[in-house]
Amino acid sequence: MKKLLLFVLFIAVTLVTYAGGYRVSVQGQRAIAMGHTGVAVVNSAELVFFNPAGLVYLENKLNVSAGVSGIFSDVIFQNEELGISSETDSSLGTPLNLYGSYKVNDWMALGLGVYTPYGSEVAWPTDWAGSHLVNNIELAAIYIQPVVSFKLSKHFSVGGGPIFVTGSVNFNRNLNRTLTDLEGNRANITVDDSGVTDWGWSIGAMFTPTDNFRVGFNYRSEIILEAEDGEAVFSNFPNSPATPANGTTTFSAALPLPAELSVGVSYEFKEKWLFAFDFNRQFWDVYESLDIQFGTGTSSINPRNYKNSSVYRFGVQYQATEKIALRAGYYYDESPVQSGFFAPETPRNDSNGYTGGLSVAITPKLAIDASFFYLRFEETNESYDFSTDPVSGAVTSFGGTYKSSVFSPGLGVTYKL
């Protein structure tokens, strides 16, 4: 997935509107309903993503979980001094997730997950004030993750495995606010690619000192993305030696995806209540700049200067009846974006997430899972200082006030045998 995620961070405009960096927190309906906690929760095959070490504690031999979420995001930009404002067009993302686990024996379990942490689209109005930074993006990615889980003792287990990713992306922006061809069409750059892949890995551990108390740990590795011979199309440029030529060229670049550490605890109270807390740390400080080298010999220097960020997640489940489980949660998500680097590619600030949902057991083997979350970003007045004149030192900025929110209903099924 080298080219895909490189593009995402170069243009990265859509999914960052509702997750830290460019990650989307929709990897399981039961977890979503509980504030997206799951590192120390043993209740479904969603553990393939949250903590593979817990799969060996599932009671049934076969467990399958599948779900889909509809994500409705809205971003409003306004600069009162300049008298300009814009709003992203309404868009619908539909991230999917499918997990399965098989208990080989009492001390070993196998699992497989297929999910889409990147899968949405967003479009700003044509010729809006920030079109020189981004116009629109369409993004789709599929993660395939095989795992193995081992019980080392009655109270301790480990698990993990490789992660394979494949996906596609299409992105467009104008070169600047004024340059056009002779017919008045604005000069723009389009990036398009598909079938790009990359590998990563994860490892987890779970400690169960008592039947109703668990402690979990999960780590996903940093991935260095190296793109070569990507495709970039230049259109509507005037025939001038001072501007790029129209046509197709290549580009190359390298970028790290940050490592991620999650720890969590869960406690079951009187067989009806389950409480969970997860702490997630994302090591974004490796993302200092994204430098693109085009086949034409030109380059694009894109400083980011991200900082490490954390997410604090709280969740609760109440077993109302033998067939109905109710869930609710809350999480606080810190933004990795620092002041002066707030681009419309990443129009987000610290956010508060509110979640809820339930499961209804249709039969002893089959349950329907429903979830929702509402994510409200703190309003911020920030700028992206994207260039500095080497002679005068003057900074060219684009900024204003951003208001962002996301609503996402989800539906899934859980099957056990």
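Trainee: What is the relative accessible area of Y318?
Mentor: Y318 is partly exposed, a class between buried (under 20% relative accessible area) and exposed (over 50%), with a 1.4 Å probe and protein chains only. This is a predicted model in which local features need pLDDT of at least 70 and side-chain atom pairs count only at pLDDT 80 or more, while totals for chains, interfaces and linings use all residues. Residues are numbered from 1 along each chain as its sequence is written, and side-chain values use heavy atoms, without hydrogens and water. The relative accessible area of Y318 is 27%.

Trainee: How many aromatic pairs does the structure hold?
Mentor: Rings of Phe, Tyr and Trp (its six-membered ring) pair if their centres lie within 6.5 Å; planes under 30 degrees apart count as stacked, over 60 as edge-to-face and the rest as tilted. The number of aromatic pairs in the structure is 23.

Trainee: F77 and F398 form a stacked pair; how many residues apart in sequence are the parts that it ties together?
Mentor: The ring centres of F77 and F398 are 5.0 Å apart, with 20° between the planes. F77 lies in strand β2 (residues 71-79) and F398 in strand β22 (residues 395-416); strands are DSSP runs of E, at least two residues, numbered from the N terminus. Both F77 and F398 are buried. The parts so tied together are apart in sequence by 321 residues.

Trainee: Which residue forms a tilted aromatic pair with W273?
Mentor: W273, in strand β14 (residues 273-282), is tied by the pair to strand β17 (residues 309-319). The ring centres are 4.5 Å apart and the planes 40°. The partner of W273 is Y318.

Trainee: Which residue in β3 is the bridge partner of I76?
Mentor: I76 is on the uncovered face of β2, with F72, D74 and Q78. β2 also pairs with strand β3 (residues 84-87), antiparallel, over four bridges. The bridge partner of I76 is E87.

Trainee: Over which ring does the charged end of R214 sit?
Mentor: A charge sits over a ring if NZ of Lys or CZ of Arg is within 6 Å of the ring centre and within 35 degrees of the ring normal. For R214 the distance to the ring centre is 5.1 Å. The ring is that of Y57.

Technical notes: Pairing = 2+ DSSP bridges.
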